Amino acid sequence: MYFLIFLRYFMFVFYLGIWAVCMMANVKLAKKNHRDVMLWAILSAFFSVITLIANILLPPEGRRRSRAFQRDTPS
């Protein structure tokens with residue numbers, strides 16, 4: 001009985017730790033990639049691991065287009 005209570009408490013603390021680490025990583029990645037930090041923090045609060053994966057896979061904000069598709073402007 002006490003073991004199950006301890007196990008439930010341990011799992012809660014474990015998941016809360018993973019949630020906090022994902023939140024901090026998302027905020028740092030958002031700052032680094034010039035994204036809206038508040039938006040990524042809110043998304044991370046609800047979808048922590050999924051948001052972290054999306055944040056890692058998306059390119060930085062200023063580099064969304066490939067150079068091959070940009071127009072050449074005359075100097």
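**Overall fold**

The model is predicted. The chain has three helices and zero strands. Along the sequence they follow the pattern α-α-α. Of the 75 residues in the chain, 17% are buried. The accessible surface is about 6,800 Å². Carbon and sulfur atoms account for 70% of that surface. Among contacts between residues at least 6 apart in sequence, 47% join residues at least 24 apart.

**Helices α2 and α3**

Helix α2 spans residues 37-46, and helix α3 spans residues 48-57. Their axes come within 6 Å and cross at roughly 140°. An angle over 145 degrees would count as roughly antiparallel. The two helices are therefore oblique to each other. On the α2 side, the contact uses W40, L43, S44 and F46. These meet S48, T51, A54 and N55 in α3. The contact residues comprise four nonpolar, four polar and no charged.

**Aromatic pairs**

The structure holds four aromatic pairs. One of them joins F6 and F10. This pair is stacked, with 6.4 Å centre to centre and 25° between the planes. F6 and F10 lie four residues apart in helix α1 (residues 2-32), so about one helical turn separates them. Ring pairs link F6, F10, F14 and Y15 into a cluster.

| Residue | Relative accessibility | Class |
|---|---|---|
| F6 | 51% | exposed |
| F10 | 44% | partly exposed |

The cut-off for exposed is over 50% relative accessible area. F6, at 51%, therefore counts as exposed.

Technical notes. Residues numbered from 1 in each chain as written. Predicted model: local features only at pLDDT ≥ 70, side-chain atom pairs only at ≥ 80, totals over all residues. Heavy atoms only, no water. Buried < 20%, exposed > 50% of the residue type's maximum accessible area, 1.4 Å probe, protein only. Contact = heavy atoms within 4.5 Å. Areas by Shrake-Rupley, 256 points an atom, 1.4 Å probe, with all protein chains shown as cover. Axes fitted to C-alpha atoms, helices over the stretch in contact; angles between N-to-C directions. Parallel < 35°, antiparallel > 145°, perpendicular 65-115°, else oblique. Nonpolar A, V, L, I, M, F, W, Y, C, P; charged D, E, K, R; others polar. Phe/Tyr/Trp six-rings, centres within 6.5 Å; stacked < 30°, edge-to-face > 60°.
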